[in-house]
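Welcome! Could you walk me through this structure, step by step, telling me what to select and what I will find there?

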Amino acid sequence: MEKYLYFGVLLFAISYPLAQSFEHRIRYASKWGMILPGMLITAAFFLIWDVWFTNIGVWEFNSTYISGLYLINLPVEEWLFFFVIPFACIFIYEVLIYFFPSDPLQDLGKPFVYIMVPFLIGFGLLHLDKWYTSVNFLVGGLALLIHFLIFNDKYLGKFIFAYFVHLIPFFLCNGILTGGVTEEPVVIYNNAENLGIRIWTVPIEDSIYSMTLLLMNISFFEGIRSQKTIQPISS
């Protein structure tokens with residue numbers, strides 16, 4: 001059964017959001033069509049990144065804890081990751097919007113961008129000798145900047161709220177994948193390519209990686225939703 005550990009983590013992550021998708025208040029299932037296009041584009045971007053980093057040895061996958069099914073040098077579980085995790089995270093985003101419609105963190109949007117974009121890009125440039133650190137921070141900074149240039153701070157308060165809430169299941173699931181409960185990790189990081197700083201067993205870079213993954217999915221989702229909610233002008 002240990003060969004299905006990665007599958008088990010993914011099943012745990014998606015089980016509750018999937019079970020609650022037809023709940024009458026959030027009506028998450030009705031939004032799947034708006035989520036899927038951005039999820040596909042974001043997944044394609046991250047899968048190319050993933051294949052590249054796997055090929056150059058930034059990380060690898062422990063055969064003990066995966067099914068053994070591969071597609072383009074990646075375990076099938078890794079492919080599923082980029083659909084399951086965004087699905088679960090956007091569910092968190094939508095639940096928080098429903099229960100906190102006033103957007104309590106809206107005023108933090110612009111300060112977040114003004115602080116995080118220079119920090120992420122500057123930090124990435126300072127660590128060009130470490131592939132995961134540099135690429136991760138640079139991509140995160142650029143993703144945040146592009147989002148801000150397109151949407152201003154319209155969705156940033158909601159995103160920040162969802163991001164901080166999602167860190168709870170994020171560290172639980174990622175902690176399992178990085179060896180928090182097993183003798184060896186499922187995903188093995190080459191510490192020469194990161195800062196070597198971990199929260200529990202999770203590399204600190206993963207928190208930025210997850211931020212970018214969530215932000216890109218939300219950006220596409222909100223962009224599509226805004227277009228669908230525009231009413232035609234009657235003559």
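Here is a short tour, from the whole chain down to single residues.

**Stop 1: the whole chain.** Keep in mind from the start that this is a predicted model. Show the protein chain as a cartoon and you can look for seven helices and six strands. Following the sequence, their order is α-α-β-β-β-α-α-α-α-β-β-β-α. The radius of gyration is 18 Å, close to the 18 Å that the globule rule gives for 235 residues, so the protein chain is as compact as a globular protein of that length.

**Stop 2: contacts across the sequence.** Take the contacts in the protein chain between residues at least 6 apart in sequence: 77% of them join residues at least 24 apart.

**Stop 3: the inside.** Hide the surface again. Of the 235 residues in the protein chain, 51% are buried. In soluble globular proteins, nonpolar side chains tend to be buried together. Here, the largest nonpolar core holds 72 residues. Select Trp59, Phe82, Leu144 and Phe159, which have the most contacts inside this core. Then select helix 3 (residues 76-99), which gives the core its largest share, twelve residues.

**Stop 4: Phe82.** Zoom in on Phe82 and show what surrounds this residue. Which residues does Phe82 touch, not counting those up to four places away in sequence? They are Met39, Ala43, Phe46, Leu47, Asp50, Tyr209 and Leu213.

**Stop 5: Ile72.** Move to the loop between strand 2 (70-71) and strand 3 (74-75), where you will find Ile72. Although Ile72 is not a glycine, its phi is positive, at about 50°. Is Ile72 buried or exposed? With a relative accessible area of 57%, Ile72 is exposed, because anything over 50% counts as exposed.

**Stop 6: Asn152.** Finally, select the loop between helix 5 (131-151) and helix 6 (156-177), the place of Asn152. Asn152 is not a glycine either, yet has a positive phi of about 60°. Its relative accessibility is 35%, so Asn152 counts as partly exposed.

Definitions and conventions. Residues are numbered from 1 along each chain as its sequence is written. This is a predicted model: local features need pLDDT of at least 70, side-chain atom pairs count only at pLDDT 80 or more; totals for chains, interfaces and linings use all residues. Side-chain values use heavy atoms; hydrogens and water are left out. Helices (H or I, at least four residues) and strands (E, at least two) are DSSP runs, numbered from the N terminus. The radius of gyration is taken over C-alpha atoms; the globule rule is 2.2 Å times the number of residues to the power 0.38. Buried means under 20% relative accessible area, exposed over 50%, partly exposed in between (1.4 Å probe, protein chains only). Contact means heavy atoms within 4.5 Å. A nonpolar core is a set of buried Ala, Val, Leu, Ile, Met, Phe, Trp, Tyr and Cys residues joined through side-chain atoms within 4.5 Å.
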